[in-house]
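Please keep the sequence and the model in view while reading.

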Amino acid sequence: PVRLSGGEAVALLLGLTALAAYQGTGLEAPLRSLMEKLPLIMPEHVSVDPGELAAGVSFMVEPLRGDPERVAATFTALREAIAAARRVEMEYYTPSRDEVTVRRVDPYHLRHFEGAWYLAGFCHRRREVRTFALDRIRRLEVLAETFPRPSPQEFSPETYFGESWRLERGAGRR
């Protein structure tokens, strides 16, 4: 059995509380289950009252942008596509042009930012790595086609997002 120190238990509870605020991942049920199991793996001499902890610590998390069920389904499909290195095809809505386009994308990375989930991946239409908001994906199909995973020199989330202003890259993106 795993035993946690008091500090580890508090850190885990705070981490789970912060993660629970991120809806739209399909991970809500496992997080809830883990929160229920936490008291079972804590040392007997340590007790943490989640209500008391919440009174002293809080997290400012933007509300999820988009329909939670649809975003969760898209997130889950993309997470699985990333794990299996499988190409996706999507119908993607671009509000600046009020246009829906079909894109084939090699999905690399999912990132949460200010209440929205984003996918970074190689867009075959634009022939470069692009960022797509999950709530703007109208249709998503995980294809049987696989793609070679990019090397860290070809794609690194830290470098890719580090070179962006917020999540916008370049000027006048289409």
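A salt bridge is a side-chain nitrogen of Lys or Arg within 4 Å of a carboxyl oxygen of Asp or Glu. The structure is a predicted model, in which local features need pLDDT of at least 70 and side-chain atom pairs count only at pLDDT 80 or more, while totals for chains, interfaces and linings use all residues. Residues are numbered from 1 along each chain as its sequence is written, and side-chain values use heavy atoms, with hydrogens and water left out. Helices (H or I, at least four residues) and strands (E, at least two) are DSSP runs, numbered from the N terminus.

**The sheet**

- Five strands form an open sheet in the order β4-β3-β2-β1-β5, and their pairing is antiparallel; two strands pair if DSSP finds at least two bridges between them.
- The edges are held by β4 and β5, each of which has a single partner strand, so one side of each is left without a neighbour in the sheet.
- On average, neighbouring strands of this sheet are turned by 45 degrees against each other, direction ignored; axes are lines fitted to C-alpha atoms, for helices over the stretch in contact, and angles run from 0 to 180 degrees between N-to-C directions.
- The antiparallel strands β1 and β5 are joined by six bridges, and Val88 stands opposite Val142 in β5.
- Helix α4 packs on the sheet and touches β1, β2, β3 and β5, its direction making about 20 degrees with that of β5; contact here means heavy atoms within 4.5 Å.
- As a general principle, strands of a sheet pair through backbone hydrogen bonds, either parallel or antiparallel.

**Nonpolar cores**

- A nonpolar core is a set of buried Ala, Val, Leu, Ile, Met, Phe, Trp, Tyr and Cys residues joined through side-chain atoms within 4.5 Å.
- Buried means under 20% relative accessible area, exposed means over 50%, and partly exposed lies in between (1.4 Å probe, protein chains only).
- The largest nonpolar core has 20 residues, and those with the most contacts inside it are Leu78, Met90, Leu110, Trp117, Leu119, Phe132 and Leu134.
- At least two residues of this core come from each of α4 (68-84), β1 (86-94), β2 (99-113), β3 (116-123) and β4 (128-133).
- Another core, of eight residues, lies apart from it and includes Ala85, Tyr108, Val129 and Phe161.
- In soluble globular proteins, nonpolar side chains tend to be buried together.

**Salt bridges**

- Ten salt bridges are found in a search of the whole structure.
- In the salt bridge between Arg87 and Glu145, the closest N and O atoms are 2.8 Å apart.
- This pair links distant parts of the chain, since Arg87 lies in strand β1 and Glu145 in strand β5, 58 residues apart.
- Arg87 is buried at 14% relative accessibility, whereas Glu145 is partly exposed at 32%.
- Arg97 and Glu99 meet through their side chains in a salt bridge of 2.7 Å, N to O; Arg97 is partly exposed at 23%, and Glu99 is partly exposed at 31%.
- Between Glu141 and Arg139 the closest N and O atoms of the salt bridge are 3.7 Å apart.
- One network, built from salt bridges that share partners, joins Arg87, Glu89, Glu91, Arg104, Asp106, Arg139, Glu141 and Glu145.

**A buried serine**

- Ser156 is found in the loop between β5 (137-146) and α5 (157-162), and Ser156 is buried at 17% relative accessible area.
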